[in-house]
Amino acid sequence: MNSRFALETAELVRAQKGDGEAGAFYRDVSRAFFTAHADISKREVIVPIAERFGISASDVETAWHERRFSPTVDAFIEDGHKVGVRGVPAMGWPNRRPIVGLMPPTELVLRLRNQAPERLRE
């Protein structure tokens, strides 16, 4: 499944509504994908989510057809590949290995603790 449509729409949300709303949009798209098993490459999935953030279907379609946010998404993908991201979800911090892939919360906590400085591991 290709998430390109969702990624470019998130940048449209960011441009019109700001970082906070873009983050909330990403959360809703992730929830649709990981919990509802929705195909986030489909307009019928992404457009209604964008509309909840005040972005019209026509704005989504126009931005997509113009490929307005394609360079931004290309740069994100390239940066991710440079630091070893090969899947989603992916989390990264300066000077640490990325954590990639969906996993149970207990496994995520274990990985984070293993990478944390000694004083933060407890």
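Which residue forms a salt bridge with Asp28, and how far apart are the closest N and O atoms? The legends below take up this pair first. The structure is a predicted model, in which local features need pLDDT of at least 70 and side-chain atom pairs count only at pLDDT 80 or more, while totals for chains, interfaces and linings use all residues. Residues are numbered from 1 along each chain as its sequence is written, and side-chain values use heavy atoms, with hydrogens and water left out.

**View 1. Asp28 and Arg27 form a salt bridge.** The partner of Asp28 is Arg27, and their closest N and O atoms are 3.1 Å apart; a salt bridge here is a side-chain nitrogen of Lys or Arg within 4 Å of a carboxyl oxygen of Asp or Glu. Asp28 is buried, with a relative accessible area of 11%, whereas Arg27 is partly exposed at 45%. In these terms, buried means under 20% relative accessible area, exposed means over 50%, and partly exposed lies in between (1.4 Å probe, protein chains only). Side chains of opposite charge can pair when their charged atoms come close.

**View 2. A salt bridge joins Asp74 to Arg4.** The two side chains meet at 2.8 Å, taken from N to O. Asp74 lies in helix 5 (residues 70–82) and Arg4 in helix 1 (residues 4–17), so the pair ties together parts that are 70 residues apart in sequence. Helices are DSSP runs (H or I, at least four residues), numbered from the N terminus. Arg4 is buried, with a relative accessible area of 14%, while Asp74, at 38%, counts as partly exposed.

**View 3. Glu61 and Arg43 are partners in another of the 12 salt bridges found in the whole structure.** Their closest N and O atoms are 3.2 Å apart. Glu61 belongs to helix 4 (residues 57–66) and Arg43 to helix 3 (residues 43–52), so that this pair links distant parts of the chain, 18 residues apart. Glu61 is partly exposed at 23% relative accessibility, and Arg43 is partly exposed at 31%. Elsewhere, salt bridges that share partners join Arg4, Glu8, Arg67 and Asp74 into one network.

**View 4. The largest nonpolar core has 22 residues.** Such a core is a set of buried Ala, Val, Leu, Ile, Met, Phe, Trp, Tyr and Cys residues joined through side-chain atoms within 4.5 Å. Phe25, Val29, Ile46, Ile49 and Val60 have the most contacts inside this core, and helix 1, helix 2 (19–34), helix 3 and helix 4 each give two or more residues to the core. Leaving aside neighbours within four places in sequence, Phe25 is in contact (heavy atoms within 4.5 Å) with residues including Ala6, Val13, Ile46, Ile49 and Phe53.
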